[in-house]
Amino acid sequence: MHLYNLTLQPPSAILQAIVGNFSGARQQEIIVSHGTRLELLRPDPQTGKVSTVIATDVFGSVRSLAAFRLTGGSKDYAIVGSDSGRVVILDYDPKTSTFVKLHQETFGKSGARRIVPGQYLATDPKGRAMIIGAMEKAKLVYILNRDAAANLTISSPLEAHKSNAIIHHIVGVDVGFENPMFAALEVDYSESDADPTGEAFNRTEKMLTYYELDLGLNHVVRKWSEPTDPRANLLVQVPGGQLASSDRYDGPSGVLVCCEDHIIYRHMNAPQHRVPIPRRKGPLEDPKRGVIITTAVMHKMKGAFFFLLQSEDGDLFKVTIEHQDQDVTALKIKYFDTVPVASSLCILKSGFLFVASEFGNHYLYQFLKLGDDDDEPEFTSTSYPENGMSDLPRAYFKPRPLENLALADELPSLDPVIDSKVLNILPNSDTPQIFAACGRGPRSTLRTLRHGLEVEESVSSELPGIPNAVWTVKKTEADAYDSYIILSFVNGTLVLSIGETIEEVQDTGFLSSSPTIAVQQIGSDALLQVHPHGIRHVLSDRRVNEWRVPEGRTIVQATTNKRQVVVALSSAELVYFELDLDGQLNEYQDRKAMGSTVLALSIGEVPEGRQRTPYLAVGCEDQTVRIISLDPESTLETLSLQALTAPPSSICIADMLDASINKSQPTMFVNIGLQNGVLLRTVLDPMNGQLTDTRTRFLGTRPIKLVRVVVQKNPAILALSSRSWINYTHQNLMHFTPLIYDNLDYAWSFSAELSPEGLIGIAGNVLRIFVIPKLGTKLKEDVIPLEYTPRKFVTHPENNYLYLIEGDNRTLGEGAAQEQIQKLRKEGKRVDDEIINLPPAEFGRPKQASGTWAANIRIIDPVESTTIGVVPIDGNEGAFSAAVVPFSARNGELHLVVGTAADTTVSPRSCSSGYLRTYKFVDEGRGLEFLHKTECDDVPLALLAFQGRLVAGVGKSLRIYDIGKKKLLRKVENKSFTTAIVTLQTQGSRIIVGDMQESIQYVVYKAPENRLLTFADDNQPRWVTAATMVDYNTVAAGDRFGNVFVNRLDAKVSDQIDDDPTGAGILHEKSILMGAPHKTEMLCHFHVGDLITSIHKVSLVAGGREVLLYTGLHGTIGILVPFVSKEDVDFISTLEQHMRSEQPSLVGRDQLAWRGYYVPVKAVVDGDLCETYARLAASKQSAIAGELDRTVGEVLKKLEQMRVTSSGF
């Protein structure tokens, strides 16, 4: 077995974000790290929308990011710390739109290790030096400078190591132009290591240490080290240093130390200031819980600066420092606003705040005001004794909706995907949808993902009849917007004018008594109409020149551009017209007889600065397409011919940029739609008119219509069949994606003041105007909000509903929360209703002590995207597993069994009691009726229907239950599992068990003896998170470290087990390596780089091959495609080897080592690496193709075919 790994949806979790002028222009951009991928985002200061400029896989894991700028420079560079044992400096090159590696300095082993730097990264604010640190001991300082040619240089590393020290955070100290200084939070553990009593551990202090880089002596010294609060977790740089132009100081310098419940200002030889972190004033808040700051950002303005600090509830606090020169007079803190909990905050100079959420969608907010003049209480260090350094009372605030910020844009993110299913339940859909349960806490969602582009409709109006075509046209070439909409009916033509309203007009010079074949704004200010009996050329002064068709013939097809017109007559002749310099249409003297009925015609747009386009494509009934010259020297000569498999229905020539074919200029494509729903895309050679590099794609069941349109200022092609598709260029590469919209019969570009970039289409007798807002997104999502973190969901075999269990730890359920509030009211305490009624999706729920659970069963109708019912689970129980079981004892009646546990602590796993709750479906599955609950001794983490009974993984034991009147009855159990059963799959009498730490085990149920016997397992431990059966003997699984693997049991062993009726043979076999008597063989292994949360064996394309689709915690969706032939395996794996040497990782990680992080890669090809072939320079592409004995076109075609036939993407 050989597999090809392809990422369909890259990870969307943002682990870190940095802001800077990376392109060297005046505009700021944001670089975000998605763990294994870097992306450059550009927020538009006018519209507030964020667009992706470039995204690249780094084939390594990015651990830290920092931006820096050399003194006096105008451009920022990005420093990347990763697991490659190297530090890399990247520059964004706007010309080629790529990241360029300027420096790559090796300092240690690869892998994320404790003492190899890469975890912490900080720069000197003046861009003179950077420090890269490990979790423990090692810190390296590099000096950054320019050489004579103004290129960036980097020094050898200088060591700032401290052995036996655990580092909590590192930050650069702003000292102006004095020697660069870095501050670190460190804990020395040498004493506690040597002390067996544990007293030294309790005495250990956390130190704030300053490291100074002496530029004169070129080494690093420990300048200052003082103990600070033991609960300190974060340092924030405070501005400092003198301005060169005046004597004024930018700030007091030093750092803010963020601790639990308070913030301290500290600097060498300066008094400390301390303020409390305000807490929420709510009746259900846990008073024992401390508040910590999780992320912070500092922003400098002219002559002032402020900090935004975010607590783990998402509350933002604004911190300001009052100072005189270098002396701090007061530290102040006040509540600012509440936004989702972020992994990074970035403030842009254009007045925006970018919030890279820890979980869920990312947001861009606009500052409305800086919260200076509101009546929020402000807490100042000077109002406490000793500037707050002795005892600090608690400070409180009241959360409220946004006041200082306004939402400008939202970037969708699936992170974290906790469970998923692939089903085709939406009506009129020929491809399956992915249902993903995402998110954490009250911001959780269930998302329906469909392959295609989202469409926003602005107008939909019914027409008197059913038109067969629609066009829009400008009056003159210089107009910004279209003036007319022309609709062609079977018996006439309707002209509508576009103004404040859209209304019918008569006096346009168009013939309204017959249908229209083509419309064009021709020359500088004339219009053209082609109808079956002739051509009308309407001049700007309303004069009409008409060319009539010879007697007994009609025009059947026409194609036009600004200067040329070609029509095909019913006698299979072509007539060619060209506009002369006086604006007259002149017919070419000869007519070309084609010898077969013409079904389709197309000419391209006139290239800029030219008189004409030189090629015409003609499709005939004899299943051919001919390219015919329109050049004055060889007019109407046939240049080349392509045979087709079916008669053509439509042809479209378009010049579009596809960097995989030509990076410098657009390529001329001939798109041919056939009557059987197949689209052919061929490249037209501009020199000699030959057709090369044909790609085919099946679009739908109806004959294809092709229309050239403009989308976001670039040419695109709409292909209309039983689905509507759009072919467009995004980030210089060609994409082909369906529109998620009603099937259109015809469409055209539409440009008016309200929608300058719109499209107009007809579906039956309805006229629709719409836009495509976001290009480049492959999946459109419909979102259903949830109340708590989703745990798992199951489908019902007879209806389309989903049954989802959700639950949260440290959260009170609705019932329990109401009870507590009633209790407080009875005691006569004041309860603030405003705080209780704050929406949890924005403010979260009050955190409780560990072991408090809230859980629900939610019934969802995915077709309507609504929740039909919610069944709360009471008794402080968390829900962990669910299954729909047809119990044979009740004649196969379906029941929902949910595994819950009361008073659960997650780690170490324990509970007061586990339960299996059994529910009956009522009202065709819209409701649930509680039957009974069965106690068990551990948390039931996996449930499955098995031969008319229930098989349950309860902690370490596997049990089979049958239904009884008062509870479920235990029939058989096997207690020999090591840690905990997390996944169950079954075929026949075989059960495949996934153990939390001990990989996959094969169990068989022998009914005559009523035994559950383990007969095979894996020979290496694996922390399984998801598994699925590929066939009876083969299982594919994912583990907690981001690996996907496929294990197979020997067929002989399998048959031997199945032939043994009682299982006595298995009982007496000798175990191997203290495990089962047989071992599985590993067929495939691959490191994805994201924790796999679900795997499914599905077919994503109608009639396509089955693939393994997996989802990852960070929002990754990928597929593993089986290779069909040995030649494919050899070809693609050789290409992969070439790509490894030609495309080194951006962070310096070896791609083969990364994909074999824990176990060497086996029998899996990295499709993401192969697909970067399209972005290589043309010379490298040809060299690799030459080594493979193929042309570049054939290599690209093979890669596209691998992707399209397996996923449709």
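User: How many aromatic pairs does the structure hold?

Analyst: The structure, which is a predicted model, holds 23 aromatic pairs. One of them is formed by Tyr363 and Tyr365, whose rings are tilted, with 6.0 Å centre to centre and 35 degrees between the planes.

User: Are those two, Tyr363 and Tyr365, buried or exposed?

Analyst: Tyr363 is buried, because its relative accessible area is 12%, and Tyr365 also counts as buried, at 6% relative accessibility.

User: What about Trp547 and Phe577, how are their planes set?

Analyst: Trp547 and Phe577 form an edge-to-face pair, with 75 degrees between the planes and 5.1 Å centre to centre. Trp547 belongs to strand E45 (residues 544–548) and Phe577 to strand E48 (residues 573–579), so this pair ties together parts that are 30 residues apart in sequence. Both Trp547 and Phe577 are buried.

User: Which residues make up the aromatic cluster with Trp1154?

Analyst: That cluster is formed by Trp1023, Phe1041, Trp1154, Tyr1157 and Tyr1158. Trp1023, Phe1041 and Tyr1158 also form a nonpolar patch on the surface, and together these three have about 300 Å² of accessible area.

User: Where is Phe1041 found, and why does it count as partly exposed?

Analyst: Phe1041 is found in the loop between strand E84 (1034–1039) and strand E85 (1043–1048). Phe1041 counts as partly exposed because its relative accessible area is 37%, a value that lies between the 20% limit for buried and the 50% limit for exposed.

User: Switching to sheets, what is the strand order in the one with E75?

Analyst: The order is E75-E76-E77-E78, in an open sheet of four strands with antiparallel pairing. Strand E75 (940–946) and strand E78 (968–974) are the edge strands, each pairing on one side only, and the twist from one strand to the next averages 25 degrees.

User: And inside that sheet, how many bridges join E76 to E77?

Analyst: Strand E76 (residues 949–954) and strand E77 (residues 957–963), which run antiparallel, are joined by five bridges. Across this pairing, Ala952 stands opposite Arg959 in E77.

User: What holds paired strands together in general?

Analyst: Strands of a sheet pair through backbone hydrogen bonds, in either a parallel or an antiparallel arrangement.

User: OK, now the sheet with E51: which strands are at its edges?

Analyst: The edge strands there are strand E51 (598–603) and strand E54 (638–643), each of which pairs on one side only. The sheet is open, with its four strands in the order E51-E52-E53-E54 and antiparallel pairing, and neighbouring strands are turned against each other by 20 degrees on average, direction ignored.

User: Which residue stands opposite Thr624?

Analyst: Thr624 stands opposite Ala643 in E54. Strand E53 (residues 624–629) pairs with E54 in the antiparallel sense, over five bridges.

User: Last topic, the hairpin of E17 and E18: which residue takes a positive phi there?

Analyst: In that hairpin, which has four residues between the strands, Asn218 takes a positive phi near 60 degrees. Strand E17 (residues 206–214) and strand E18 (residues 219–228) run antiparallel and are joined by nine bridges.

User: What is the bridge partner of Asp214?

Analyst: The bridge partner of Asp214 is His219 in E18.

Terms used. Residues are numbered from 1 along each chain as its sequence is written. This is a predicted model: local features need pLDDT of at least 70, side-chain atom pairs count only at pLDDT 80 or more; totals for chains, interfaces and linings use all residues. Side-chain values use heavy atoms; hydrogens and water are left out. Patches are made of residues with over 30% relative accessible area and no salt bridge: like charges are joined within 9 Å, nonpolar side chains (Val, Leu, Ile, Met, Phe, Trp, Tyr) within 5 Å. Accessible areas come from the Shrake-Rupley method with a 1.4 Å probe; for residues, only the protein chains shown count as cover. A salt bridge is a side-chain nitrogen of Lys or Arg within 4 Å of a carboxyl oxygen of Asp or Glu. Helices (H or I, at least four residues) and strands (E, at least two) are DSSP runs, numbered from the N terminus. Buried means under 20% relative accessible area, exposed over 50%, partly exposed in between (1.4 Å probe, protein chains only). Two strands pair if DSSP finds at least two bridges between them. Axes are lines fitted to C-alpha atoms, for helices over the stretch in contact, and angles run from 0 to 180 degrees between N-to-C directions. Rings of Phe, Tyr and Trp (its six-membered ring) pair if their centres lie within 6.5 Å; planes under 30 degrees apart count as stacked, over 60 as edge-to-face and the rest as tilted.
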